[in-house]
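Trainee: I'd like to learn how to read a protein model, one feature at a time. Can we take it slowly?

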Amino acid sequence: MFSVSVEIFTMWLSKLLYQSCLITHLRLPNIDLSKLKVRCLFRDCNRLKEIKFGKQTINDYYATQMFESCYDLKNVDLYNLDVSKVGNMVNMFYNCKSLTIVDLSSWNMNNVQNMNKMFYWCSKLKSVIMKG
């Protein structure tokens with residue numbers, strides 16, 4: 001078994017997603033996101049249709065543009081994603097034209113200060129499920 005620094009892993013993952021963008025289904029059950037910078041992480045992965053997170057925590061304050069311009073993203077399973085430390089979600093799903101339902105009911109968004117244009121240009125979006 002080998003280990004790599006968080007910076008190298010983040011760079012590798014970002015390059016894989018950004019340059020290839022050939023991935024259509026992505027499951028992240030065992031990847032530790034707690035030390036990653038998630039801003040723009042999946043941005044412009046326009047062939048990505050489905051993404052499922054395992055029980056993971058985002059410690060980055062900025063989750064801005066995380067899924068921006070993932071045009072074909074239809075299914076996003078965010079149930080186990082802990083975003084309680086995120087403060088900025090600007091443009092998080094911006095231009096995700098295929099999303100119809102987003103379930104955020106498991107999210108603790110008490111620290112979120114900015115959700116500006118979070119779902120802007122999500123033309124097929126019918127429902128955003130939130131708690132309380």
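This is a predicted model: local features need pLDDT of at least 70, side-chain atom pairs count only at pLDDT 80 or more; totals for chains, interfaces and linings use all residues.

Trainee: Are Phe42 and Phe53 buried or exposed?

Mentor: First the cut-offs: buried means under 20% relative accessible area, exposed over 50%, and partly exposed in between (1.4 Å probe, protein chains only). Phe42 and Phe53 are both buried. Now look at Tyr120 and Trp121, with ring centres 5.6 Å apart and planes at 80°, so that pair is edge-to-face too. Tyr120 has 37% relative accessibility and therefore counts as partly exposed, whereas Trp121, at 52%, counts as exposed.

Trainee: And which charged end sits over the ring of Tyr120?

Mentor: The rule is that NZ of Lys or CZ of Arg must be within 6 Å of the ring centre and within 35 degrees of the ring normal. For Tyr120, the charged end belongs to Lys117, 5.1 Å from the ring centre. Arg39 does something like that with Tyr62, lying over the face of the ring at 4.4 Å from its centre.

Trainee: Okay, on to strands. Which strands form the open sheet, and in what order?

Mentor: Helices (H or I, at least four residues) and strands (E, at least two) are DSSP runs, numbered from the N terminus. Two strands pair if DSSP finds at least two bridges between them. In general, strands of a sheet pair through backbone hydrogen bonds, either parallel or antiparallel. In this protein, 3 strands form an open sheet in the order β1-β2-β4, with parallel pairing. The edge strands are β1 and β4, each pairing on one side only.

Trainee: How many bridges join β1 to β2?

Mentor: There are 4 bridges between β1 and β2 (residues 50-53). His25 stands opposite Glu50, and Arg27 has Lys52 as its bridge partner.

Trainee: Which residues are on the covered face of β1?

Mentor: The general idea is that side chains in a regular strand alternate between the two faces of the sheet. In β1 (residues 25-28), Leu26 and Leu28 make up the covered face, with His25 and Arg27 on the uncovered one. For β2, the covered face has Ile51 and Phe53, and the uncovered face has Glu50 and Lys52.

Trainee: Which residues have the most contacts inside the largest nonpolar core?

Mentor: A nonpolar core is a set of buried Ala, Val, Leu, Ile, Met, Phe, Trp, Tyr and Cys residues joined through side-chain atoms within 4.5 Å. The largest one has 35 residues, and those with the most contacts inside it include Phe42, Ile51, Phe53 and Trp107. β1 and β2 each supply at least two residues of this core.

Trainee: Last one: what does Asn91 touch?

Mentor: Contact means heavy atoms within 4.5 Å. Leaving out residues up to four places away in sequence, Asn91 touches Gln65, Glu68, Asn116, Lys117 and Met118. Asn91 is in the loop between β5 (81-82) and β6 (101-103), and at 15% relative accessibility it counts as buried.

Conventions. Residues are numbered from 1 along each chain as its sequence is written. Side-chain values use heavy atoms; hydrogens and water are left out. Rings of Phe, Tyr and Trp (its six-membered ring) pair if their centres lie within 6.5 Å; planes under 30 degrees apart count as stacked, over 60 as edge-to-face and the rest as tilted.
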